Amino acid sequence: MCGRFAIGDIAGSDWVDWLAIETEQGWPPPDWPAANWNVAPTQAIGFIENMSGNRRCRVGRWGLVPHWFQKPMSEFKATTFNARSEEAAAKPMFRDAWKRRRCLIPAIGYYEWSGKKGNKTPWFISMQRNTPGFWFAGLWAEAAPGGESLVSCTVLTTAAGEATEHLHPRSPVVLDEVEAQQWLDGQIDAATLMCPIPDARVQIHEVDRAVGKVSNNGPELIEPVGLGL
C-alpha cells in the first residue's frame, strides 16, 4: 500500500539527469509541485509520461479519475490513489490507462504505520540506490468531471516482500531503470510488476509521529527517531 510518500526537493541538476527529460523551460517546470516530504492523496504530484518516444513532465491529482467520469468531483467517491497491479488491466477504473497512459512517479521513500489505532508508529521505507530517487509504476488519465479539465494518476501496488510485509501486505511497485523505460514503452507485463522491492535493498526506520498530520512537511519528517528495522 502507498498512502503517503516523500519526493523531497528535486531542484538539483542530478534530478534532471536522472529523470531524463527535456529542460528547455528550465528546471523544475513552472507548474511542478514544491518540495514535499509528506505527499497525501488528492494532492498534486509530478509524474513522467511517454510522449512520442520522449519523456515529458506532467502534474496531476494523486487519485485517478477515469476519462469517462463526467459528474462533479463531489460525486466521485472511489479510492484510487493505489491500483492493484494484478487487477488494473481488467478493471474499468484503470484499464484504459493501463493500455495507453502509463507513467513513472518519482519518490525517495514512502510511509507505513504499525501498532494499534490511536497509538501507531510511523516508518519510512526507502531503498539503497545510486540515483536521487526511485520510480513507482503508475497510471494516469485525463477527464473532465463537472466540465473541468483534470489530470490525475495512481500508484500501482503488489504483494509486499518479507522486508515490509510485517507493516502492510501490499507495497508500491518500484521499477529499476531498465524496467522504468520498458513500463513507459508498454513492454512490461503484469507478472513482472508483481514483484516486491528486493529485500536486500529495502531500508526502514522509525520517524516522528508528526508525519501523521498532512499539514506537517519538511525534511525532518524522514529523519530516524528510533532504532530502525
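P41 comes out as partly exposed because its relative accessibility is 25%, where partly exposed covers the span between buried (under 20% relative accessible area) and exposed (over 50%), using a 1.4 Å probe and protein chains only. This is a predicted model, so local features need pLDDT of at least 70 and side-chain atom pairs count only at pLDDT 80 or more, while totals for chains, interfaces and linings use all residues. Residues are numbered from 1 along each chain as its sequence is written, and side-chain values use heavy atoms, with hydrogens and water left out.

P41 sits in the loop between α1 (13–19) and β2 (44–51); helices (H or I, at least four residues) and strands (E, at least two) are DSSP runs, numbered from the N terminus. Setting aside neighbours within four places in sequence, P41 touches G3, W62 and F81, a contact being heavy atoms within 4.5 Å. From P41 to L64 the C-alpha atoms are 9.9 Å apart, with 23 residues separating the two in sequence.

Back in helix α1 there is D14, also partly exposed, at 41% relative accessible area. D14 and I125 are 111 residues apart in sequence, and 22 Å lies between their C-alpha atoms.

As for the strands, β2 runs antiparallel to β3 (residues 54–62), and eight bridges join them; two strands pair if DSSP finds at least two bridges between them. Within this pairing, I45 faces G60 of β3.
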